[in-house]
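Hi,

Here is the model I promised to pass on.

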Amino acid sequence: MTALVNHDVRLEVAGKAYSGWSSVDITRSLEHVGWTFQLELFQGRDADPILIKPQSSCVVRIDRTPIITGYAEIVSVSSTTKGTAVKVTGRSKTADIVDCHPDPDGPRRWSAIKVEALATLLAAEYGVEVATDASTGNPLERFALQTNETVYDAIERACGLRQLMVCDDERGRLIITRASSEKLAGSLAYGVNFETVT
């Protein structure tokens with residue numbers, strides 16, 4: 001975990017922004033859906049309390065730029081005579097399709113369906129929006145859900161049939177995309193556009 005001393009990290013919940021976090025851990029990856037965050041701070045006894053209910057919708061921002069849109073899943077509060085320690089852990093909205101299985105009473109098989117249409121149907125029940133930024137190719141001739149498959153597993157498998165990949169975005173949407181061969185012009189600089197290496 002890293003304290004982003006040169007950045008304004010805010011957690012917005014129910015129209016209120018909480019800042020002053022002393023420890024910030026944010027994980028975003030093109031290889032994983034359900035981006036995560038963990039924020040911690042210690043307040044003196046006279047500070048206004050941080051009142052966040054578990055499972056609250058939230059947005060994590062760095063310097064006012066949205067980084068993760070999702071839920072504050074776990075809120076831990078511990079008090080001492082010196083003050084209160086608060087830890088908030090959460091994930092992006094797409095975590096719901098990672099955790100959950102398709103509606104057992106819904107369709108189990110489809111014919112001649114585009115990948116993005118299938119993904120939209122499966123994710124809609126959990127309020128997850130699906131967007132595409134690449135051509136998804138021809139419709140799938142046939143697609144059937146498998147036993148014990150989560151919504152995300154099914155979508156990822158369908159995308160694999162068309163050499164597509166899926167990832168999150170900062171708005172909590174599921175993005176269907178394609179790996180690019182284009183060489184990026186930017187560079188990575190420690191302390192500038194990344195803080196830690198793992």
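The second largest pocket has a volume of about 160 Å³. A pocket here is an open set of points on a 1 Å grid over the protein atoms alone, where a 1.4 Å probe fits, with protein on both sides within 12 Å along at least five of seven lines; lining residues have an atom within 4 Å of a point. The volume is the space filled by probe spheres set on the points, with grid points joined across faces, edges and corners. Its lining is Pro102, Asp103, Gly106, Pro107, Trp110, Leu121, Leu122, Glu125 and Leu145. By class that gives six nonpolar, one polar and two charged residues (Ala, Val, Leu, Ile, Met, Phe, Trp, Tyr, Cys and Pro count as nonpolar, Asp, Glu, Lys and Arg as charged, and the others, Gly among them, as polar).

Before you go further: this is a predicted model, with pLDDT of at least 70 needed for local features and 80 or more for side-chain atom pairs, while totals for chains, interfaces and linings use all residues. Numbering starts from 1 along each chain as its sequence is written, and side-chain values use heavy atoms, leaving out hydrogens and water.

On the α2 side the contact (heavy atoms within 4.5 Å) involves Val115, Leu118, Ala119, Leu122 and Ala123, and on the α3 side Val151, Ala154, Ile155, Ala158 and Cys159. These residues divide into 10 nonpolar, no polar and no charged. Axes are lines fitted to C-alpha atoms, for helices over the stretch in contact, and angles run from 0 to 180 degrees between N-to-C directions. Helices (H or I, at least four residues) and strands (E, at least two) are DSSP runs, numbered from the N terminus.

Helix α2 (residues 115-124) also lies across β9 and β12, at about 165° to β9. Those strands belong to an open, mixed sheet of three, ordered β9-β12-β11. β9 (130-132) and β11 (165-168) are at the edges with a single partner strand each, so one side of each has no neighbour in the sheet. β9 and β12 (residues 174-177) pair in the parallel sense over three bridges (pairing needs at least two DSSP bridges), and Ala131 stands opposite Ile175.

There is also an open, antiparallel sheet of seven strands, in the order β2-β1-β5-β6-β7-β4-β3.

Cheers
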